[in-house]
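The sequence and the structure come first.

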Amino acid sequence: MFYLCKLYKYYLRKRRTRLLKGKVDIHPSAILLDSAYFDYRTEEESKRIFIDEESMIGCNFIFESDSGVIKIGKRTFINAGTNIISINEIEIGDDVTIGWNIYI
C-alpha cells in the first residue's frame, strides 16, 4: 500500500509538471508544493512565473492582467494560503520567508 501511495504522488507531480510546462520557469532545484495554485484571469496564459534555485513555493498565483509577471529569488519560502495577485510585475528577492495567509 505504501508503494502505491508513493507511486501515485509521483504520477501527480509528473502530471502537474506537464500541465505547467510553458507557463512556469522553475529551476530544477526549486520545489513547487501541492498547495500551489495558478489562476489566470486573462486571455493569455504565457510564461509569467520565474522561480529561482532552492526555493519552496506553496502559494496562489493570481494574474489579473496580461502584463502580470512574478519573479521569485533564490532560497525563498512562501507558505500555503499566501496570495500573490499580479497586475504588473512583482519581484520577491533572495532569502525571503513569507508565512501563511499573506496578500501581496
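How exposed is Arg 41 in terms of relative accessible area? Arg 41 is partly exposed, with a relative accessible area of 49%; buried means under 20%, exposed over 50% and partly exposed in between (1.4 Å probe, protein chains only).

The model is predicted: local features need pLDDT of at least 70, side-chain atom pairs count only at pLDDT 80 or more, and totals for chains, interfaces and linings use all residues. Residues are numbered from 1 along each chain as its sequence is written, and side-chain values use heavy atoms, with hydrogens and water left out.

A salt bridge is a side-chain nitrogen of Lys or Arg within 4 Å of a carboxyl oxygen of Asp or Glu. The count comes to five salt bridges, among them these:

| Pair | N to O distance |
|---|---|
| Asp 39 and Arg 41 | 2.8 Å |
| Arg 48 and Asp 66 | 3.7 Å |
| Lys 71 and Glu 89 | 3.7 Å |

Lys 71 lies in strand S7 and Glu 89 in strand S10, 18 residues apart. Strands are DSSP runs (E, at least two residues), numbered from the N terminus. Lys 71 is partly exposed at 33% relative accessibility, and Glu 89 likewise is partly exposed at 48%. Shared partners join Asp 39, Arg 41 and Glu 64 into one salt-bridge network. Asp 39 is buried, at 17% relative accessible area.

S7 (residues 69-72) and S10 pair in the parallel sense over four bridges; pairing requires at least two DSSP bridges between the strands. Ile 72 has Ile 92 as its bridge partner in S10.
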